[in-house]
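Biologist: Could you take me through the charged pairs and the helix packing here, giving the cut-offs as you go?

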Amino acid sequence: MLENFSYEKSFWKVLTYLDNLEEEIMVEDLAILLGVEKDLIFRGIQFFERFNIEYKCEKKGSKTIIYPYPSQINMSVSLSLTEWLSLENYLPKDGCASSGFT
């Protein structure tokens with residue numbers, strides 16, 4: 001049962017950074033800054049999309065720039081233990097298949 005609580009620390013770093021993102025950044029630069037693969041950043045974006053929190057992705061040559069929509073607002077959620085455990089099922093587990101984000 002405890003293995004259900006094993007989160008990728010790097011995924012949380014990505015989520016935290018994206019949650020606080022206020023200006024554009026290149027995905028490649030963000031990956032270097034956080035020490036993660038680019039794919040994990042796209043998985044973080046997809047995670048937020050499940051909660052209707054969207055980021056704009058724009059290709060500029062071989063680079064991808066992301067930034068939040070200006071109308072995007074931060075939100076806080078209070079969860080009970082059972083709600084948190086239910087939410088945990090949405091988080092990627094170790095060995096998760098790579099995202100199909102394009």
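Modeller: Before we start, note that this is a predicted model, in which local features need pLDDT of at least 70 and side-chain atom pairs count only at pLDDT 80 or more, while totals for chains, interfaces and linings use all residues. Residues are numbered from 1 along each chain as its sequence is written, and side-chain values use heavy atoms, with hydrogens and water left out.

Biologist: How many salt bridges does the structure hold?

Modeller: A salt bridge here is a side-chain nitrogen of Lys or Arg within 4 Å of a carboxyl oxygen of Asp or Glu. By that criterion, the number of salt bridges in the structure is 3.

Biologist: Which parts does the salt bridge between Glu28 and Lys38 tie together?

Modeller: In this pair, the closest N and O atoms of Glu28 and Lys38 are 4.0 Å apart. Helices are DSSP runs of H or I with at least four residues, numbered from the N terminus. Because Glu28 and Lys38 sit in separate helices, the pair joins parts 10 residues apart in sequence, namely H2 (residues 27-34) and H3 (residues 38-49).

Biologist: Is Glu28 buried or exposed?

Modeller: Buried means under 20% relative accessible area, exposed over 50%, and partly exposed in between, with a 1.4 Å probe and protein chains only. Glu28 has a relative accessibility of 14%, so Glu28 counts as buried.

Biologist: Which residues are linked in a network of salt bridges?

Modeller: Glu58 pairs with Lys56 at 3.9 Å, N to O, and Glu58 also pairs with Lys60, where the closest N and O atoms are 3.8 Å apart. Glu58 is partly exposed at 26%, as is Lys60 at 46%. The network therefore consists of Lys56, Glu58 and Lys60.

Biologist: How are H1 and H3 oriented to each other?

Modeller: Helix H1 (residues 9-19) packs on H3 at an angle of about 60 degrees, with the axes 9 Å apart; axes are lines fitted to C-alpha atoms over the stretch in contact, and angles run from 0 to 180 degrees between N-to-C directions. Angles under 35 degrees count as roughly parallel, over 145 as roughly antiparallel, 65 to 115 as roughly perpendicular and the rest as oblique. The orientation of H1 and H3 is therefore oblique.

Biologist: Which residues in H3 does H1 meet?

Modeller: Contact means heavy atoms within 4.5 Å. From H1, the residues involved are Ser10, Phe11, Val14, Leu15, Leu18 and Asp19. In H3 they meet Leu40, Ile41, Arg43, Gly44, Ile45, Phe47 and Phe48.

Methods. Helices (H or I, at least four residues) and strands (E, at least two) are DSSP runs, numbered from the N terminus.
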